[in-house]
Amino acid sequence: MTAQEIMNSEDFKACERFHGHVCPGLSIGYKAAKAAMDRLAENRAEDEEVVAIVETDACSADAVQVLTGCTFGKGNFFFRDYGKMALTLLSRNTGKGVRVSILPDASARDPRHTELLQKMMRGNATDAEKAEFKKVHLQRTKDVLETPLEKLFNVTRVEMELPSRAHMEPSENCTRCGEPAMPSKMEMAGGEKICRGCAEIG
Ligand SMILES: [Zn+2]
Ligand SMILES: [Zn+2]
């Protein structure tokens with residue numbers, strides 16, 4: 001598929017709607033999620049629940065949530081703050097899964113793109129530079145989408161202990177602010193059971 005065909009696909013459009021814009025990071029997440037789903041399906045038993053672990057909270061994580069159905073709110077989406085573009089997709093039943101990580105040379109940078117990106121982030125890009133950035137950024141997105149998987153990612157089988165399931169518990173009211181909170185997340189302070197928000201204020 002050409003980059004344009006991928007960008008016109010329903011899957012990609014859903015990622016774009018969720019994330020808010022099209023970018024190289026979203027495209028990497030899109031390809032990583034697709035690769036992981038494909039691999040996991042190879043030996044997937046019936047009715048397995050899938051868990052995703054991402055190692056970055058950058059743009060790619062949004063495509064992972066859309067495509068895998070593992071989401072922050074459902075409790076089957078976990079974030080490890082390693083600053084690495086890697087996605088592990090696991091079966092909750094077997095603990096077997098697949099880890100997709102970006103290859104060292106896959107993110108070979110276009111120095112002009114990096115330079116413009118920094119200007120954009122500092123907020124001191126001229127109008128001409130903003131226009132150029134838009135063009136270069138889109139080109140990098142397309143480059144990612146057209147790169148064959150084996151040139152982008154290292155894909156390995158993994159087997160691991162799973163993070164515990166999301167659990168529900170009846171809330172208790174914080175004795176300080178009065179707001180309901182999960183008791184297991186509350187703290188004792190001076191004989192009072194208070195929420196973490198209040199605990200942080202001290
Ligand atoms: Zn983005
Ligand atoms: Zn409180």
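Student: Over which residues does pLDDT stay under 50?
Tutor: First the idea: pLDDT is the predictor's confidence in each residue, from 0 to 100. Here pLDDT stays under 50 over residues 43–47. For that stretch the model has four contacts beyond four places in sequence, a contact being two residues whose C-beta atoms, placed from the backbone, lie within 7 Å. Before we go on: this is a predicted model, where local features need pLDDT of at least 70, side-chain atom pairs count only at pLDDT 80 or more, and totals for chains, interfaces and linings use all residues. Residues are numbered from 1 along each chain as its sequence is written, while chains are lettered from A and ligands numbered from 1 in the order in which they are written.

Student: What is the mean pLDDT of the protein chain?
Tutor: The mean is 90, and 96% of the residues reach 70 or more. Among the elements, helix H2 has the highest mean pLDDT (97), and helix H5 (residues 111–122) has the lowest (90). Those labels are DSSP runs numbered from the N terminus: helices are H or I with at least four residues, strands are E with at least two.

Student: How do I read a sheet, and what is the strand order in this one?
Tutor: Two strands pair if DSSP finds at least two bridges between them. This open sheet has five strands in the order E2-E1-E3-E4-E5, with mixed pairing. Strand E2 (77–79) and E5 are the edges, each pairing on one side only.

Student: Which way do the neighbours run?
Tutor: Let's cross the sheet. E1 and E2 are parallel, over three bridges, and Ala-52 stands opposite Phe-77 in E2. E1 pairs with E3 in the antiparallel sense over five bridges, with Ile-53 opposite Thr-88 in E3. E3 and E4 are antiparallel too, joined by five bridges; there, Leu-90 has Gly-97 of E4 as its bridge partner. Last, E4 pairs with strand E5 (residues 153–159) over seven bridges, again antiparallel. In that pair Gly-97 stands opposite Val-158, and Lys-96 has Glu-159 as its partner.

Student: What happens at the hairpin of E3 and E4?
Tutor: Four residues sit between the strands, and Gly-95 takes a positive phi near 75 degrees.

Student: Which helices lie across the sheet's strands?
Tutor: Angles here run from 0 to 180 degrees between N-to-C directions, with axes as lines fitted to C-alpha atoms, for helices over the stretch in contact. H3 lies across E3, E4 and E5, at about 150 degrees to E4. H4 lies across E1, E2 and E3, at about 175 degrees to E1.

Student: Is E1 mostly covered or uncovered?
Tutor: A residue is buried if 20 or more other C-beta atoms lie within 10 Å of its own, exposed if 12 or fewer, and partly exposed in between. E1 is mostly covered, with four of its five residues buried.

Student: And which residues of the largest nonpolar core touch the most other members?
Tutor: In soluble globular proteins, nonpolar side chains tend to be buried together. A nonpolar core is a set of buried Ala, Val, Leu, Ile, Met, Phe, Trp, Tyr and Cys residues joined through C-beta atoms within 7 Å. The largest one here has 32 residues, and Ala-32, Ala-33, Ala-52, Ala-63, Val-64 and Leu-87 touch the most other members. H3 gives the largest share, six residues. Beyond four places in sequence, Ala-63 touches Cys-15, His-19, Leu-26, Gly-29, Tyr-30 and Ala-33.
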